[in-house]
Amino acid sequence: MNEQTNRVSVDIGGTFTDVVLEIAGERSSTKVLTTKREPEEAVLEGVESLLREKSLSFADLDLFLHGTTLATNAIIERRGAMTALITTDGFRDTIEIGSESRHDQYDIFIKKPQPLVRRRHRFVFEERVAADGSVLKSLPEDRVAELGKTLKAACIESVAISFIHAYANPAHEIRVREILSDIIPDMSFSLSCEVCPEVREYERASTTVANAYIRPIMAGYLGRLKTELARRGLRAPLLLMTSGGGLTTVEQAAAFPIRLVESGPAGGAILASKIAMDCGLNEIVSFDMGGTTAKLCLIDNGTPLKSRSFEVDRTERFLKGSGLPVRIPVIEMVEIGAGGGSIAQVDSLGRLTVGPESASSEPGPASYNRGGDRPTVTDADLVLGRIDPTNFAGGKVGLRRDLAEKALDEHVGGRLALACVVAASAVAAIVEENMSNASRVHAAEHGKDLRRRAMIAFGGAAPMHAAQLARKLGLGKVIVPIGAGVGSAIGFLEAPLAYEVVRSRHSRLADVNDSGVRDLISRMQAEAVSVVEPAANGRPIQLRTSAFLRYVGQGHELEVDFPLDASTNINSARLRRHFEERYSAVFGRFLQSHAIEILTWAVTATARQLSAGTVKAAPSARAKPKPSGWTDFVDFDGTSVKAPVYLRSDLGTGHSIPGPAIITEAETNTVVPARFEARVDRLGHLELTNTAVGIAAAAE
Amino acid sequence: MMQTVRSMPAIDEIEFQIMWNRLIAVVEEQAQVLRRTAFSPIVRESGDLSAGFFHPDGRMIAQAVTGTPGHVNTMAASVRHFLARYPATSMKDGDVYITNDPWLGTGHLHDFVAVTPAFLGDVMVGLFASTCHFMDVGGIGFGPDGRDVFEEGFYVPPMKMIAEGMLDATLMILARSNSRYPAEMEGDLMSLAACNAIGVDRLREMLREFELGDLTLLCDQIVGRSREAALAAIAGLPQGVTRGEMVIDGYDKPVTLVATTTISKDLISVDFTGTSGLSARGINVPLSYAQAYSTYAIACALFPGVPNNSGSLSVVEVTAPQDTIVNAQRPAPVSSRHIIGQMLPDVVYGCLAQVVADRVLAEGASALWNLILEDAYDACLTQGIGQTARFSALSVQTGGTGARSNEDGLSATAFPSGVSGVPIEILETMTPLIFWRKELRSGSGGHGRFRGGLGQTIEIGHRDNHPFYIYAALDRIEHPARGRFGGQDGIAGYVGLKSGTRLRGKGKQLVPAGDTLVVQTPGGGGYGPVEEREPGRIETDRDNQLDG
């Protein structure tokens, strides 16, 4: 099936709004500056300019796809709505008390994340539901009506409701909304039983509050965008990318904007999945390195790992626990403070550290000459000859090597008595080691072996470090795809229509068929299908059901898939077997006679997008490519050589470039070290192979 | 693979740093596996565990940063005890050794330490150790009422749990038979072994990648560097002797804690001479545990950026006369040794405040307000109440930390322990308890230029209105956290019943049928005179109704 469709995809980032237009499988793209106040302006400008080039109009589009960091930024910059929290009497401070721990054990001066709702706007009712859903204290309805007036007087714009054990019995939350809606009809309500119906009061309340906090802004933005698009003649569906890697309707996105927080990185992971499938790679690690962070994601058989927890706005150095927890479906990835802008410095022990502090775009790396005077990874890359300074960002930013050298000398070389080039090598080596350590721990947490994998590298800084990172991790192959600079927006084009519903319902595995779970799952399936159906346009919808299990008494669950046909009971013996297999894979061995319990159930409905299969062969190679210039290149082992620089646009399928060499394009530079070889594959992707890995493997 | 020729010695330096980071990543992964597989709720929900890597000669080289200073430095001593009994030359690949000896381990029977040697071929290249808190080890339960250590539970001297991959079935039967929760006991012992095994695997991979046959050179460097860095931090301090003193509630009479801190060129020594003698009940502290928390306090104040290992530990020496309450000898009861252990940083900071005023906290709640709650099966039988649900819950609760020199104290936050609380929805799923309240206790922080952190008010009842027990191990009820430099004291803690009765801070007590347990955790002390408080801060507290 290869339907011809016209699709557009837009990713709003902090600095740039990326737009990709696909007409009958041909892609064109542009970057426009993000317009913070009215983000739709940049979106419309970008899309219009691409449509104009093709002499098309909005009416010619079949699908409009969209992802955005607006939700995340609204939280980080605290620009959300004036929000109130309604909760159970006695639990007013749950969102402030948090986990009661310290995210840095040795720093007595830490700051904890500030709750999004101030204490005076947290209201309580004397109601109470028990863990099994039974009502211990009923809701004082007359008091609820009184609160309506208070909320009005306090100029509250958005209300979060999160009662204790509401995941087990949502009646009180729903009733509060009913009563208040009569009094304040235009109010935006976010209910924990809908946003995050899962056990653990802090995480559930935190997620619900975050949703309420960004909902008016996001609903407003999406509403305006929809209107403007319709005014310009768009008839196609507008779908939003979620952090879980699926697409959802604009109505769902406006109701649950918290699900959009990591949509950009999710798009990147989807792109990597697609490329992996196109290239016939079953196990890959995607490596996305931008200006501030690097994100690594494990992808098996074209499906990224999923998770259900995430932290927004980590206040301190990306430390776990320093952010606000949200429990939503997310693509599981490790994100560390390692990007082109990451700052290098020498600490009191004489240890060289790189990141997580970033020079970002303002003031930027020293070599940008925009006022930054501290050395960054980009500065080191420049000194090492990994960047073609004449072609950086398509020639838009002229890089000053002398400023990079000065910063490196002053802050690293001078303190450690290293020559400038050696200091630069050290900065690159440290940032690469940080990324490889993070990937190793991440892979281990999921019971995955990195070493058989290929790497797919994209984002401005990734292709400069990919080969060495691959060498460290023992990977034999790196792919630098075409269009890496707008990778997330391209990823949206490959994302399935998908919606995940998660519910907590505790039961022993042995009692699973008597606990009403079968009914619960049927309702969850109906809900998931109802979200996907309107956008699926008649295409078949697939359902995936999974359960989160653990041994009775443990605190962490493993997700286990199980096929479930419409009528039958849940096969608990098979579920146990799947769980034991997963458990052994992750932790080495499973326990023989322990009882197993199930905490949570998840259902995902998925429909494929139109025409995902637009794989085209790239034009094949003509004559042998000629270098466009030469650079003083310092290889990873410290040897310095003159290396050729090739323009990526000069390369075609079948061309192969032995390292050391640099392959340059507008958005990035690919470093091909010695003992690596770069080849352009049939789809136009660059494939870097470690020729030494083959030798080592043969020797073992 | 081709051997790379390294022309520049500086790269060796960088490679050294990379290998150091790798070792830390290995022990972090080891800790992660333990937390994910453990059964004891305080381990899996609160992070009461530790993991580390040791040189074959017993030096601690790398330690996962977990929430448990009390494990950190005790484990360092523990591995040496194992090596003294089981010399490195006698250890075999696949062995796992364990103990819960309070004097050889972490200070009470509820923690087991497991040690696993790591081999590369025939050569032992190091040891992995891990520790976590167990749910139940028999005896009178987890409370301070024991009259000697024998009443406090099942004791496993340093033994081989797994010999070259073969599990000691006899030991496992004994362990299971001596716990009220045998499945959890076995599961947690296996988790300790499993996380060490992951550490061994990762270490082997590392050695292969860096083409190393042994780690001695690397270990020497790590230890040497860390010691140098810690020494550099001390070098800038004025030398001399300072004294700190603090009185706390104790079991049945107040306990005086006295520290004398001597700063010299290359050593900070803390001596607890003058401290009260042994308690009749289980709040006594084995010296290694007192050393752990004292050293931790000094590290936080003076060299927080230096990784914890035998090098950084070597610049601190902690001593106490035998049979003071911080150097209890067998068979003294020690089950609730955390109360006094966790108070020691306040005493040490009493000394350091005279030297580095801006790097210490005011006194805080300090000891965790752990609520150990259990069914009252016996009382139900006596009172003719039919079946009551059996349960045992350890609910970590915290008060306020002391104010800092630049900021208010942290409300409802553990310090010096760094463990997290257990969600009440999880506790209510596991037990018949109902938490009616858990919120900040307005006005409980000591006033000052910077205010102490706030405590909490917690109310707990029984779903079926049955009686239940509290094993109280709570302090700062009679003796609140004091402010520093003119800051006022925090508000003292309280434990009692909704019906009005006050309960004792220590010991097993009944919450009668239909009544509710009321707990108010202590607030932290203030820092600096209250007249110097910025008006904006006063206003914010008032606006948030946090000023009492």
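1. A definition to begin with: two strands pair if DSSP finds at least two bridges between them. In this predicted model, strand E3 (residues 96-99) of chain B and strand E4 (residues 111-120) of chain B meet that condition, pairing in the antiparallel sense over 3 bridges.

2. What is the strand order in the open sheet of 7 strands in chain B? The order is E2-E1-E5-E4-E3-E6-E7 (chain B), and the pairing is antiparallel. E2 of chain B and strand E7 (166-167) of chain B are the edge strands, each pairing on one side only.

3. Chain B is divided into domain 1 (9-214), domain 2 (222-360) and domain 3 (361-548). The C-alpha centres of domain 1 of chain B and domain 2 of chain B lie 24 Å apart, and 31 residues of domain 1 of chain B are in contact with 31 residues of domain 2 of chain B.

4. Which elements give two or more residues to the side of domain 1 of chain B that touches domain 2 of chain B? They are helix H1 (9-37), strand E2 (60-63) and helix H3 (69-85) of chain B. H3(B) gives the most to this side, with 7 residues. By residue class, this side of domain 1 of chain B divides into 16 nonpolar, 9 polar and 6 charged.

5. A word on confidence. The mean pLDDT of chain B is 92, and 97% of its residues reach 70 or more. Over residues 1-11 of chain B, however, the pLDDT is below 50, although this stretch has 14 contacts in the model beyond near neighbours in sequence. Where pLDDT is low, the predicted coordinates should not be read in detail. For the complex, the predictor gives an ipTM of 0.92 and a pTM of 0.86.

6. Turning to chain A, there are 17 helices and 35 strands. The radius of gyration of chain A is 26 Å, close to the 27 Å that the globule rule gives for 700 residues, so chain A is as compact as a globular protein of that length. Its C-alpha atoms fill a box of roughly 80 × 60 × 55 Å along the principal axes. Buried residues make up 54% of the 700 residues in chain A. Of the contacts in chain A with a separation of 6 or more, 67% are between residues 24 or more positions apart.

7. Chain A is divided into domain 1 (1-61), domain 2 (77-219) and domain 3 (497-607). Between domain 1 of chain A and domain 2 of chain A, the C-alpha centres lie 38 Å apart.

8. Finally, how do the chains meet? In total, 61 residues of chain A are in contact with 71 residues of chain B. On the side of chain A that touches chain B, the elements giving two or more residues are helix H3 (94-97), helix H7 (201-231), helix H12 (420-445) and helix H17 (691-699) of chain A. H12(A) gives the most to this side, with 11 residues. The residues on this side of chain A divide into 26 nonpolar, 16 polar and 19 charged.

Note on methods:
Residues are numbered from 1 along each chain as its sequence is written. Chains are lettered from A and ligands numbered from 1 in the order in which they are written. This is a predicted model: local features need pLDDT of at least 70, side-chain atom pairs count only at pLDDT 80 or more; totals for chains, interfaces and linings use all residues. Two residues are in contact if their C-beta atoms, placed from the backbone, lie within 7 Å. Helices (H or I, at least four residues) and strands (E, at least two) are DSSP runs, numbered from the N terminus. Ala, Val, Leu, Ile, Met, Phe, Trp, Tyr, Cys and Pro count as nonpolar, Asp, Glu, Lys and Arg as charged, and the others, Gly among them, as polar. Domain bounds come from an automatic or database domain assignment. The radius of gyration is taken over C-alpha atoms; the globule rule is 2.2 Å times the number of residues to the power 0.38. A residue is buried if 20 or more other C-beta atoms lie within 10 Å of its own, exposed if 12 or fewer, and partly exposed in between; C-beta atoms are placed from the backbone. pLDDT is the predictor's confidence in each residue, from 0 to 100.
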